[in-house]
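Reader: I want to learn how to read side-chain features. Can we go through them one by one?

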Amino acid sequence: MSNPFSKLWHLRETSPLSFRMLGYILVCSSLFTLFATGFQVYIDYRKDVSLVDQRMKLIETSYQSSLARSLWSLDHKLLKVQMQGILNLPDIVHLHLRIYPDSEISMGEIPPEIPTIEHKIMLQHLSDDVYDLGELTITASLEEIYRLLRQRIFLILTTQAFKTFFISVLILWIFQYLVTRHLSKMANYARSLNINELGTELTLDRKYYPGQTPDELQRVTEAMNEMRVTLLNDIEKQKNDAAEIRRLSMAIEQSPSSVLICDHRWRITYANHKFGQMTGHTLKNILGKHPKELTHISPDESQNEQLWNNIEIQVERAGIWQGEMHSTRHGGEKFWEQVVITPIRDNEGHPTQFLILGEDISVRKRYEQQLLRQANYDLLTGLPNRMLALDRLKLALAQSRRDNSKVGLMFLDLDNFKHINDTMGHDAGDSLLIEASRRIASALRGNSTVARLGGDEFLIILPSLEEPEDSEVVAQRILEAFAVPYMLNNQEVFISTSIGITIYPTDSESSSTLLQQADAAMYQAKNKGKSAYHRFTPDLNQQSRERLKLETQLRKALEQNELLLYYQPIVETATGKLVAAEALIRWDNPLLGLVAPDKFIPLAEETGLITAIGEWVIHKACEDAKRWHQETGRKLSIAVNVSPRQFRDIKFVETVRHALLTNDLGGEYLELEITERLLLDDSIETYEILNQLDQMGVKLSVDDFGTGYSALSYLKSYPFDSLKIDRSFVKDVITETEDAALVSAIITMAHSLGLKVIGEGVENAEQQAFLRKKGCDYAQGFYYNRPVPEQEFLDWIHANKQAAVS
């Protein structure tokens, strides 16, 4: 006896369509059976549950009044008998009576994991008033209902499964006999159809009478026989064309350029392998589309439409179009493509197809854009650089000549930027420049241009001004934008800017001259006290030339030995004994004369010359101190001021070490004075530099203590030996109680930290006596001696008896 399942498996192998049809019948029948069964089961379930509910309500009707009477008469025995009667009813498994106010009675047990339903009965005594006596909760089990439902489901599903299976097999046999066996024969005929078998017609094992309306199988049979005849006619022609087509196809497929072929209506009919590689599109996805759907000129689709209209017109007229365009890859990515489009014409010259050749030039365009941006924009801030700014300035001046309008040119320089850069590090400086450029740009209107010229210098071009005063309004907005503090390294920092303004054509008609005038006006704004703006005036040209002359002479000062060191004594306050001297730089220029430090030191800081000058000062001071040791026999120390920019120089520690070794001077005889503001950058780099100097024995002193950002954390964190009280406090210790109290507090605080104290700017005996009384360790000032050249200082040592006390 054959296995029915083996027949089904054989059917699956020989007639997949029949097998799928069987599957669909089984699935649909099963789904319908499940739905009908589920619906019937749900109806039965609701009916059974409704019966239980009715039974609960019947219990409520039958027992509510008797239970209430028993409860009112406090007959607990009768109450329990009545509850036991309820519990004995079918499906009732648990009773819970809550007696007001705080008693309860429970009977029965709720079975675990068994579905139940509850019904609550309020027990009341009715007389003149209504009294709530308690609440009875009846719990009924649904276990019997669920058991009966399971039996029904199993019976229905089993019956329906057998019925569905046998009906499906019957339908399948009928379909196999009438349809699929003929389809199998057609498939075998089509599969074996080739050049050698074209002489054999397709016939089916079924009756068909002439004049009878042909059914689908008959129409397919006739169509396949007609196709056989057509194939016989086309084979010869195809043989002749096949070789040529093969050669052209291989050439197009192996082309290094992407190839698209469109029909005469510009609908894509072919794409080669290179096109798929380059764009990610498959021929199936783009077949029948217009090439413009693969390009992206701008968000405005009308521009894309206009481009392709122009292309189509030019191709039909001139026979070719070539250019660059934005195309779209399959994932939506845009890329640049070099495109050549030519028509393919028939014998009469009419275009029947269009050939589109493409090449990905994204890398080339990216390099071009990168080079263009690097050539015209500042990489840090993204603003136009000097080259682009000058170009826009020339365009603005040309437009102004045509419009007979004015152009404002503003030169901005950040105040104290070098101090921030030196003390807080270059990363903080870069963050400051980025935020400053954003604030400047936010204060501008219309077609104004802001550019970064380099460092902390910015240029603003204000075209089409109606009145020169309009530029001052813009300058004021910029100053207000800078009034908001900056957050650098989680620290609030205030930075301002100085602005120089010049107007075309009022001040000059030359772009180069306007730049010089704006620069000169900016320096005049700095002289006002910074955070200010200044309009150019003719007298500023002279100041600008003088500053340029000063910078030129300063650059030659070192090589021409024009720099000098003056020395001022530092004495022990209690005894008047000379212990050290402070080295103070002077510049003696043959043309300019003796230039004050406050005039050339800021310029040296700004131009970066302070590093070389500072190195010279340290070497010269060490050299002179060594000579004093030899000539006087006194082991005097030498104090040297260190600028923030010099301190940050990568060679600073090595410079100090080399100066000591070259002059055979011990580190304990060199004291480096560091300003408080340099310590703002509480960084590992600052600590390492100070620690290396301390390990060399070099003394470290905080200069001008109290005028900057005084904080005990600096004194505790770094290896300082002493601090200097600024002259501004010492000056008024006799007349101002606040200054006296402050100086006393600084001395006490320094001593508690183990630091020596130097009072600076002592000019009279009263000040000297005050410092001695308060325990100040050392003092210096005009009271002892003014800063003098080295030889005069040596003469002072020998001549001054007080200083000679050993």
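Reader: What sits over the ring of F335?

Author: The charged end of R329 does, 4.1 Å from the ring centre. The rule: NZ of Lys or CZ of Arg lies within 6 Å of the ring centre and within 35 degrees of the ring normal. R439 gives another case, with its charged end over the ring of Y486, 3.7 Å from the centre. Keep in mind that this is a predicted model, where local features need pLDDT of at least 70, side-chain atom pairs need pLDDT 80 or more, and totals for chains, interfaces and linings use all residues. Residues are numbered from 1 along each chain as its sequence is written, and side-chain values use heavy atoms, without hydrogens and water.

Reader: How many aromatic pairs does a search of the whole structure find?

Author: It finds 13. A pair of rings is described by the distance of the centres and the angle of the planes. Rings of Phe, Tyr and Trp (its six-membered ring) pair with centres within 6.5 Å; planes under 30 degrees apart are stacked, over 60 edge-to-face, the rest tilted. Y45 and Y146 are edge-to-face, at 5.8 Å and 85°. Y45 is in helix α2 and Y146 in helix α4, so the pair ties together parts 101 residues apart in sequence. Helices (H or I, at least four residues) and strands (E, at least two) are DSSP runs numbered from the N terminus.

Reader: Why is the pair of F793 and W796 stacked?

Author: Their centres are 6.1 Å apart and their planes are at 20°, so the pair is stacked. Both lie in helix α25, 3 residues apart, which is about one helical turn. F793 is buried, at 0% relative accessible area. W796 is buried too, at 14%. Buried means under 20%, exposed over 50%, partly exposed in between (1.4 Å probe, protein chains only). Ring pairs also link F793 and W796 with Y567 and W628 in a cluster.

Reader: Which residue meets E673 in a salt bridge?

Author: K724 does, at 2.7 Å, N to O. A salt bridge needs a side-chain nitrogen of Lys or Arg within 4 Å of a carboxyl oxygen of Asp or Glu. This pair links strand β23, with K724, to strand β21, with E673, 51 residues apart. K724 also meets E760 in a salt bridge, at 3.8 Å. K724 is buried, at 0%. E673 is buried at 1%, and E760 at 5%.

Reader: Which residues are linked in a network of salt bridges?

Author: E582, E673, K724, R727 and E760 are. By the rule above, the count of salt bridges comes to 28.
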